[in-house]
Amino acid sequence: ILNPTTSISPISSIAFSPNNKKLAIATCERAILFYDENFELKDKIMARAADKEGRNFVIKSIEFSPDSTIISVAQTDNMIFSYRIGSSWGEKKSICSKIPTPCSSTCLVWPGSSLTELYFGQSDGQVRTGSTKTNKSQMLYQGSSYTTSISVDKQSQYLVSAHQDGQIYLYTMESQTFRKIFSTGTVLKSIVISKNIIYTGLDGVMGIIDRSGNTVQKVNVGIKEGMGELGCLWLNGSGDSLVIGAFSQLLLFSFNQRKNEWEEKGSIQPSNYYTITSGTWKPDGSKFVCGNLTGSVDIFDVSLKRLNLRGKFDLNYLSSSKVRVTSIETGVGSVIGSSKGYEIGSVEVLKDRFIVAHTHNSLILGDLLKNRVSEVDWQSSGNEKIEFSKGEAELCWIANAGEVSVIQLGQDIMLGALRT
């Protein structure tokens, strides 16, 4: 969606809004470009300098708020600006928060658990939390060196940080305590936390450790592929697919739940792509967007496999636990996934609207029109009879072995069951 230039013009940061409707791209000219879900340019803002002199600064990271109405910008001139962009295109944009920082910010995350609290790392090794409500920040802990990357888990229980000297720290939100859990012996480039902690470094290794710092898996990707150092890594929303940026290529990995390990799934090697400087997943897992050293931004469709269901629906398996179901006739689609990370097997669409998907331990139900999804524990017998209502309550009845279970779409628990 952005063509490369003939000079060094790195894309600073890329972010997708949690509601899947907005894509933001920060360029080296300190412009932030906004695109809609069809990747059409809709708006643009220029990042504001911290002082009136407008001294040189670089955008290091951008992040959307959980409600997708605010975007925060971490800058090297000791300021984090937040811009209110609204919920729809055309709304007036304004600065709603200015958080001064003791030194240059290097990375930024805004977890989904709070509309006002974000976290950022600094060039002096500090990891801090800032409030868009009070415009103040406070230190969580002092790291050993330059903070290269931070990540917060989905439940907002843990924060993990990677530092230039190879140290990894874990911060526990509830107890407000931190500790150094691992030392890699190399410069760290990126880190993410999900079930485990995954990191990449200049030694070409992708490492996986648990929250106690024990090594779970180590993949010598750089040495194996002859590329040396690895760049940043990006984990999808369901935590079972990741992309690593290397020189002129994207490395693809998928988590094998049965083997309980990450497996290489190949690579994409765009010609003359040079260093990949930024990237992000679309929250529903259907797209991956990355930018490079020359200012190019490209979008990749994500698909493990694709099936045609009765000539009416396109089934795109985004990962082992997530499927996008799209009506071929209308283009209306919905993403269903296992919140427990179970591998999805068969998928069916009833009444051209209601989705039924089976995993080995659960049943996933969805509505194409209203985008409501439920997952309940279920051991399938293969003889279930499933019916849906079309009322406001959107109930599902499952008849099996003399018992009828009732589920309301959008809820992950049974409403009740009765014997027949």
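A disulfide is a pair of cysteine sulfur atoms within 2.5 Å. By this criterion, the structure, which is a predicted model, holds 0 disulfides. Two cysteines illustrate the result. The sulfur of cysteine 28 has its closest cysteine sulfur in cysteine 290, at 16 Å, which is too far for a bond. The sulfur of cysteine 107 is likewise too far for a bond, since the closest cysteine sulfur, in cysteine 232, is 10.0 Å away. In terms of solvent accessibility, cysteine 28 is partly exposed, at 31% relative accessibility, whereas cysteine 107 is buried, with a relative accessible area of 9%.

Salt bridges are present in the model, and 17 were identified. One of them joins the side chains of aspartate 352 and arginine 310, with an N to O distance of 3.8 Å. This pair links distant parts of the chain, 42 residues apart: aspartate 352 belongs to the loop between strand S32 (347-350) and strand S33 (354-358), and arginine 310 to the loop between S28 and S29. Aspartate 352 is partly exposed, at a relative accessible area of 41%, and arginine 310 is partly exposed as well, at 46%.

Because aspartate 367 lies in strand S34 (residues 362-367) and arginine 353 in the loop between S32 and S33, the pair ties together parts that are 14 residues apart in sequence. Both partners are buried: aspartate 367 has a relative accessibility of 0%, and arginine 353 a relative accessible area of 13%. Arginine 372 and glutamate 394 also form a salt bridge, in which the closest N and O atoms are 3.3 Å apart. Here arginine 372 lies in strand S35 (residues 372-377) and glutamate 394 in the loop between strand S36 (385-388) and strand S37 (395-400), so that distant parts of the chain, 22 residues apart, are linked. Arginine 372 is partly exposed, with a relative accessible area of 32%, while glutamate 394 is buried at 0% relative accessibility. These residues belong to a network of salt bridges that links Arg353, Asp367, Lys370, Arg372 and Glu394.

Aspartate 240 presents another case, being buried yet without a salt bridge. The nearest side chain of opposite charge is that of lysine 322, 6.9 Å away, which is not within the 4 Å that a salt bridge requires. Aspartate 240 is located in the loop between strand S21 (233-235) and S22. The side chain of aspartate 240 instead makes polar contacts with the side chains of serine 238, at 2.8 Å, and serine 321, at 2.5 Å. Elsewhere, a polar contact of 3.4 Å joins the side chains of lysine 259 and glutamate 263. Lysine 259 is found in the loop between S23 and S24 and is exposed, at 53% relative accessibility.

Aromatic side chains form 12 pairs in the structure. The rings of phenylalanine 247 and tyrosine 274 have centres 6.3 Å apart and planes at 75 degrees, so this pair is edge-to-face. The two residues are 27 residues apart and connect distant parts of the chain: phenylalanine 247 lies in the loop between strand S22 (241-246) and strand S23 (249-256), and tyrosine 274 in the loop between strand S24 (261-268) and strand S25 (276-281). Phenylalanine 247 is exposed, with a relative accessible area of 52%, and tyrosine 274 is partly exposed at 37%. The pair of tryptophan 281 and phenylalanine 288 is edge-to-face too, with 5.6 Å between centres and 65 degrees between planes, but both of these residues are buried. Ring pairs additionally link Tyr141, Tyr169, Tyr171 and Phe178 into a cluster.

Rings also meet charged groups. The charged end of arginine 30 sits over the ring of phenylalanine 57, at 4.7 Å from the ring centre.

Conventions. Residues are numbered from 1 along each chain as its sequence is written. This is a predicted model: local features need pLDDT of at least 70, side-chain atom pairs count only at pLDDT 80 or more; totals for chains, interfaces and linings use all residues. Side-chain values use heavy atoms; hydrogens and water are left out. Buried means under 20% relative accessible area, exposed over 50%, partly exposed in between (1.4 Å probe, protein chains only). Rings of Phe, Tyr and Trp (its six-membered ring) pair if their centres lie within 6.5 Å; planes under 30 degrees apart count as stacked, over 60 as edge-to-face and the rest as tilted. Helices (H or I, at least four residues) and strands (E, at least two) are DSSP runs, numbered from the N terminus. A charge sits over a ring if NZ of Lys or CZ of Arg is within 6 Å of the ring centre and within 35 degrees of the ring normal. Lys and Arg count as positive and Asp and Glu as negative; His and the chain ends are not counted. A polar contact is a pair of N or O atoms within 3.5 Å; within protein, one must be able to donate a hydrogen and the other to accept it, and residues adjacent in sequence count only if both atoms are side-chain atoms.
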